[in-house]
Amino acid sequence: MPKPKSKTFTPEILVPAIWQAVIKMNPRWMVKNPVMFVVEIGALMTLLLTFSPTIFGTAAASRGYNLVVTIILVLTVLFANYAEAVAEARGRAQAATLRRTKKETPAKRLLSDGSVQTVSSSDLRKGDIVVVEANDVIPGDGDVIEGVAYVNESAITGESAPVLKEPGTDIRSSVTGGTQIISDTLKIRISANPGETFLDRMIALVEGAKRQKTPNEIALTALLAIFTIIFLIVCVTLEPFGSFLGAPIDVATLVALLVCLIPTTIGALLSAIGIAGMDRVTRFNVLAMSGKAVEAAGDIDTLLLDKTGTITFGNRLAFEFIPVNGHNEKELAEAAMASSVADTTPEGKSIMALAEKLGVKAGTLPENAELIPFTAETRMSGIAQNGHKIMKGAVDAIAALVDTVPLDLTKEADRIGGEGGTPLAVAVNREVYGLIYLKDTVKPGISERFADLRAMGIKTVMVTGDNPLTAATIAKEAGVDDFLAQAKPEDKIALIKSEQAEGKLVAMTGDGTNDAPALAQADVALAMNSGTSAAKEAANMVDLDSDPTKLLEVVMIGKQLLITRGAITTFSIANDVAKYFAIIPAIFVAVFAQLSALNVMQLSTPQSAILSALIFNAVIIPLLIPLAMKGVNYKPTSADRLLLRNVSIYGLGGIIAPFIGIKLIDLVVALFVG
Amino acid sequence: MVIDILQMAIVLALGFLIMIPLGRYMAAVFMFKPTFADGLFNPIDNLIYRVCRVNRDEGMRWPGYIKAMLLTNLAMWVLIFATFMVQHEPLFAALNPDGQGMMNPFLAFMQASSFITNTDWQNYGGESTFSYMSQMFGLIFPMFTSAATGLACGVAFIRGLGGSVSLGNFYVDLTRGITRVMLPISLVVGIALVGFGIPATFDGAQAATTLNGPLTPASPTAVASPEANASPTPEATPSLTSQGQQSITRGPVAPLSSIKHLGTNGGGFFNANSAHPFENPSPVTNVIEILLMGAIPASIIYMLGIMLDKKKQAWTFFGVLAAFYTAFLAIDYVNEKSGNPLLSSIGVSAAQGNMEGKEVRFGQAQTALFANATTAFTTGSVDSMHDSMTPGGSVTPFSNMFLNMVFGGKGVGFINLFIFVVLGVFMTGLMVGRTPELLGKKIEVHEVKLASLAFLMHPLLIFGFMALTFALQLDLGAISNPGPHGFSEVMYAYTSMAANNGSAFAGLSSNTNWYNVSGGITVILGRYISIVLMLALAGSMAAKKTVPMTIGTMRTDNRVFAGVLVGTVLIIGALTFFPVMALGPIADHLAMVAGQTFQAAGS
C-alpha cells in the first residue's frame with residue numbers, strides 16, 4: 001500500500017503531549033479505561049503506603065520500595081496517557097493543515113430581488129445562493145446551479161490541474177468551500193451551514209472531539225475489564241493464602257503483581273490505535289465519518305467498483321491496427337498517424353502513440369495540409385494535403401466515402417464490436433486501408449490489486465453501463481470476480497441487498513445523485529468529493545482526491561487497524577507468562593525456598609525481580625507506541641497465513657520477549673537494589 | 001513400564017473406538033433420525049410425554065430452555081432433599097435394613113445440591129449414612145437426571161451453534177437422554193458388572209465370622225481399604241464389629257456403579273468409592289469404569305461434528321482435547337512412577353514408585369488412567385486416594401479440574417471448552433484483519449462478555465471460598481496436613497466442587513457446617529451459571545446472520561487454530577491458577593524433592 005508522507009513524530013507533537021498525559025490522570029478521564037484506572041488506584045495505594053507503610057496491615061515493605069513501586073505505576077499511567085495524547089496531537093496536526101483552507105472569506109450572496117450582498121462566509125446558511133467570479137475563493141460547500149468554470153481544488157486535493165464545474169452533471173456540479181475559481185462565473189447553492197461542512201465534520205473527527213468507540217473496541221474493552229477482574233481476584237485472594245502458609249505478602253507487592261498481570265499494554269494503547277487508524281485514513285485524503293466505518297472496511301466481503309474511472313481510464317485508446325484490403329500494418333499505421341496529427345483527444349493521442357510504437361515517425365501537421373475536423377454529421381476527421389485526403393472515422397461513414405467496401409472490413413469491424421471495442425476505419429482518398437481497434441483500457445496494476453483482494457477473500461464486482469459482452473471482456477482483463485453489465489442504479493441496490501442477505505458486507509464508490517440510495521445501502525460507501533452533495537451525504541466516507549481506487553486503500557487500512565489491535569492484545573496477554581515466573585517465586589521464596597526453582601530467569605533478588613517485571617510492564621508501552629500509531633505491517637494474503645504469521649510474532653514473541661526484557665532490566669536494577 | 005504404557009495405550013484406543021459409533025448414535029437420537037431401537041423406545045417416550053403433558057414438537061428459545069432446565073432441577077432437588085430428611089422414618093424401614101439414622105440438614109443440603117449438579121461430592125460415608133432409599137432416590141435417581149440435564153444442555157448448545165434459534169425441547173432432550181442413552185447402556189453394563197463380581201441386592205449387611213476366630217479387633221472397619229473418600233466421618237464406624245465378627249456392607253451396588261461412571265457422576269456407594277472391592281473388584285471392571293466415564297463426553301465431540309456438519313471442526317477439538325488428556329495422563333504416571341524419595345529412608349524402594357493410597361490390584365498405570373479420567377470427565381469417583389498422590393502427580397487432577405474442559409462432563413465439558421474457543425477466536429481473530437468470526441457468526445461484545453463472565457465464575461468460586469476459609473479461619477481444623485499439602489486439600493475441595501467433579505483429595509474432614517453450606521453454594525453456582533451464560537451465548541449466535549466463509553476468514557478447524565486454542569487454554573486458563581499451583585502442589589513437590597517436610601502447627 002502506498003504510504004503517504006507523514007511527519008509521524010515531530011517535537012511539535014511529542015512535547016506538548018507530555019502535559020496532556022499529566023492532565024489525563026484526572027480519575028474522571030481514567031475511569032473510561034478500566035485497566036489503567038486500576039493501575040491508578042494501585043498507584044494511590046502504594047503512595048499511601050509510602051507515607052504510612054502499615055496502613056493496610058502488618059505485612060509491610062520499606063518506604064523506599066513503596067516509593068519506587070509508586071513511581072513506576074505513575075509512569076505506567078503516564079505512558080498510557082501519553083500514547084493517547086500523541087495520537088490525538090497527530091490528529092490535531094492533521095486538522096490544522098485542513099483548517100488552513102477554512103479561512104473566512106467574503107461571499108456575494110444573491111438576494112431574492114436579484115441584488116448581490118457581500119457577507120462573511122460564516123454568515124452563509126444552507127440554501128443561500130452565492131455568486132463567485134474568477135479568482136474568488138468559494139465561500140462554502142455547495143452545488144453549481146448556473147455557469148461553467150474551472151476551479152482550482154489543490155487546497156483540498158493537492159491536485160494542481162483545475163477542474164471543470166458545471167450544473168446538472170452530478171459529477172461536476174459540486175464545489176467545496178476554500179477552493180478557488182479560476183475563470184468565469186458560477187452561481188452556487190450552499191449545501192451546508194457553517195460548522196457542518198465536510199471539512200468541519202472531519203476536523204471534529206480527527207481531533208477526537210466526537211470520537212466514539214467502535215464495536216470491536218467496545219468488545220475488547222469488555223474483555224479487558226473482565227480479565228482485570230479475574231486478576232484482581234487472583235491477587236486479592238493471594239493475601240489470605242500467603243498468610244495461611246506463613247508468607248504474608250505486602251500490599252505494594254500485590255499491587256505490583258496485579259498491575260503486571262492485567263493487560264496494561266493493550267489497555268494503554270487501545271484508544272491510540274483507534275485514533276491512529278482514523279488518522280491513517282485521513283492521510284490518504286479520505287474523510288471517514290466514523291471510526292466504525294473504517295473498522296467495517298476491514299470486514300468487507302464484496303467490493304462494487306465502477307468500471308469507468310476505477311478499473312479503466314474511462315477513455316477508449318488505440319489497441320491494434322488491423323489492415324484490410326491487401327494493405328499491410330505499416331501502411332495502415334502511417335495513414336492512421338497522418339489522420340491523427342491534429343487530433344488532441346485522448347483517442348487521437350493514443351493512435352499516434354501506437355503508431356510510433358510500430359516504428360512510424362511521429363508526424364506533425366504539414367504546413368500545406370488542411371485540417372478536416374470531426375463533426376457530428378460526418379463522423380470522421382482527418383487531413384487534406386495536395387488533393388489527398390486521409391480520413392479516419394466511424395466504419396459506416398468511411399464505407400460511404402470509399403469506392404469499394406472490402407469484405408474483411410465488415411468482418412473485422414463486427415469482430416471488434418463483438419469484443420466490446422470500437423472500430424475506426426482509416427481511408428486514404430477513396431480506398432480503405434484498415435481499422436483502428438479502440439479499446440477501453442484497464443489501468444496498469446489494477447489486476448494485481450484485485451489478485452491481492454482475492455487472496456484476502458474479497459470479491460470484486462465491476463459495475464458498468466456497457467453491454468454484457470463488452471463488460472465481460474474488460475472484467476476478464478481486469479481480473480474482477482464478477483460484473484454487472486448494463487447496470488442501472490436500481491441494479492446496484494439490488495446487488496448490494498442480495499450480497500448483504502448472504503451476510504456479506506459490501507463497499508462501493510459513487511459520485512452521482514442517482515448513486516445515493518446505493519451508497520446509503522452499502523456498509524462502506526466512499527463518495528467522490530467531486531460528486532454531488534446527495535452522494536456525499538449518503539456515503540460514510542468522502543475521498544477528497546476523487547479517486548475511486550482509494551477504496552482499496554481504505555479496506556487495507558481497516559484490516560490493518562483490526563490486526564494491530566489483535567496483535568497488541570495477544571502480545572499483552574502472552575507477556576503474563578514471564579511476569580508470573582518473575583513475581584510468583586519472588587513473593588513466596590522466603591517461605592518455600594525451593595520455589596526458587598521457578599525463578600527460571602535467575603533474577604537477582606525478589607525485590608529486583610518484582611521491580612524488573614513492573615518496569616518492563618511500564619516501558620513496553622512507549623516502546624509499542626510507534627507500532628500502535630503506524631499499524632502492524634500488513635501484506636494481503638489468506639487468513640491462515642496471516643494468523644500463523646501474527647501468532648508467531650505477537651503470540652510467541654509476546655511470550656519470549658519479556659523473559660529477555662525482564663532479565664536485562666534485572667541486571668540493571670540489581671546494581672541499585674542489591 | 002512397557003506393560004504399563006501398553007495398558008494405557010490400549011485403554012485410550014478402546015475409548016477412541018467407542019467414541020465413533022456412540023457419537024453417531026447420539027447424533028441420531030438428538031437429531032431425531034431413525035435408529036435401530038426406535039421400535040422399543042418410541043412407545044416408552046410417547047407414554048412419558050403423554051403422562052407429563054409434554055408437547056414434544058414445541059421448540060424452546062434459550063430463555064425457555066434455561067427456565068425448563070432450572071425448574072426441573074429445582075423440583076428434583078426438593079425431592080432429593082426430602083428423601084434425605086425422611087430416610088430414618090419408620091414408614092421407609094423396608095428400604096433401611098441397616099437402620100441408618102437421621103441426616104444432618106446441612107449435610108442433606110450439600111448432598112442434594114451435589115447430586116443434582118452432577119458433582120457427587122460426598123461429605124459422608126455411604127454405607128454408614130444412607131439408607132437404600134437414599135442411595136436409590138437421592139443418589140442413583142439424580143445420577144441419571146443430572147447427567148441427562150448436562151447432556152441436554154450440551155445438545156441445546158450445539159443446536160444453537162448450528163444456527164437454530166430454537167434450542168430444542170428440554171423435556172424431550174432430557175427424556176431421550178435417559179431412555180435412549182443412559183438407561184440402556186447402564187442396564188447392559190450394570191448386568192455385566194454383576195458378572196464381574198459387583199453385588200446387586202436389597203439385603204442388608206452380611207454378618208461373617210472372620211478366619212481369626214473370636215478376637216478383640218484392632219481395626220474397626222469392615223473393609224480395610226484406604227481412607228475414606230471425602231472424610232472419615234465420626235459416626236462412620238459401624239457398630240457391628242464385635243469379637244470375631246465382621247459386618248460386610250452390600251446393597252444395589254452394580255446399578256450404581258454403571259451409571260456412576262456413564263453419567264460422570266462419581267458418587268460412590270461405599271465411602272471408599274471405586275477403590276472398594278465391591279464397587280471395582282478387578283482391573284477389568286476398572287477398565288470398564290474408565291471407558292464408561294469417557295464414553296459420552298468424548299462421543300459428544302464426534303456428535304457435534306455430525307450435528308453441525310463440520311467433521312473437521314470436531315476433529316480439531318478432539319485433537320486439542322486428546323493432547324491435553326494424554327499430557328495430563330503422562331504427568332500423573334511419571335510422577336507416581338518416580339515415587340517419593342523421602343520414603344526410601346524407611347526402607348520403601350523408590351523403584352516401585354508411589355503406591356500409597358493405591359490398590360495393588362490396579363497398579364500405577366491403571367490408577368493413573370483412572371485418576372486422569374475421573375478428573376477430566378468430571379466424574380469424581382476414585383480408585384485410589386488422591387491425597388496420597390505425589391504432589392507432582394496431583395498436578396493432573398488439579399489441572400483437569402482447573403481447566404474443566406479436557407472433555408469435561410457430558411455436555412457441559414464442551415460448553416466449557418467453547419468458553420476458551422470464543423476467547424481465543426476473539427483475541428487472535430482480529431489478527432487476520434476482520435471482526436472475529438466463529439462457525440460463521442461474528443463474535444461481538446455480547447458474546448465476549450458472556451464467555452468471559454462464564455470463565456470468571458470458576459476462579460471466583462474457587463479462590464473466593466478458599467480465601468474466606470483461610471481469612472476467616474473457618475474450620476481450619478478440618479485440614480489434616482500442614483504446609484502446602486494442607487493448602488492443596490482445601491484447594492482441591494473447592495476446585496472439585498466448582499468444577500462439579502466431586503472427587504476428593506480426602507484428608508479434609510469436610511462434613512462441617514461451613515463446608516456443607518459453602519460447598520452446596522459452590523456446586524450450584526459452578527453448575528448453573530456457566531450453563532445459563534453459555535446457552536445465552538448459543539442463543540445469541542443462533543440469531544445472528546451467517547457470514548459466508550472466504551479465504552479471508554480465520555478457520556477454526558485446522559492446526560493453526562488448534563495451536564491457538566491450546567495457547568489460550570494455557571495462558572488464560574492455566575496461568576490464572578499458576579499462583580495457587582505454586583503454593584500448593586509445586587511447592588509441595590519441590591519440597592519433597594529437596595527432602596523437606598512440614599510440621600503441623602500444633603505438633
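Start by selecting strand β18, residues 459-463 of chain A: three bridges join β18(A) to β19(A), and the two run parallel. Strands here are DSSP E runs of at least two residues and helices are H or I runs of at least four, numbered from the N terminus; two strands pair if DSSP finds at least two bridges between them. Within this pair, click on M462(A), whose bridge partner in β19(A) is F483(A).

A word on what is on screen: this is a predicted model, in which local features need pLDDT of at least 70 and side-chain atom pairs count only at pLDDT 80 or more, while totals for chains, interfaces and linings use all residues. Residues are numbered from 1 along each chain as its sequence is written, chains are lettered from A and ligands numbered from 1 in the order in which they are written, and side-chain values use heavy atoms, with hydrogens and water left out.

Contact means heavy atoms within 4.5 Å.

Now show the whole sheet of chain A: seven strands, open and mixed in pairing, in the order β10-β22-β21-β20-β11-β18-β19. At its edges stand β10 (286-288) and β19 (482-484) of chain A, each with a single partner strand, so one side of each has no neighbour in the sheet. From one strand to the next, the twist averages 20 degrees.

Move to chain B and colour domain 1 (2-204 + 251-310) and domain 2 (405-594), with bounds from an automatic or database domain assignment. Their C-alpha centres lie 23 Å apart. The contact takes 49 residues from domain 1 of chain B and 43 residues from domain 2 of chain B.

Together these two domains of chain B bury about 3600 Å², 75% of it on carbon and sulfur atoms; buried area is the accessible area (1.4 Å probe) that two parts lose on being put together, summed over both.

Finish by zooming in on F157(B): leaving aside neighbours within four places in sequence, F157(B) is in contact with residues including F414(B), F418(B) and M534(B).

How values were computed. Axes are lines fitted to C-alpha atoms, for helices over the stretch in contact, and angles run from 0 to 180 degrees between N-to-C directions.
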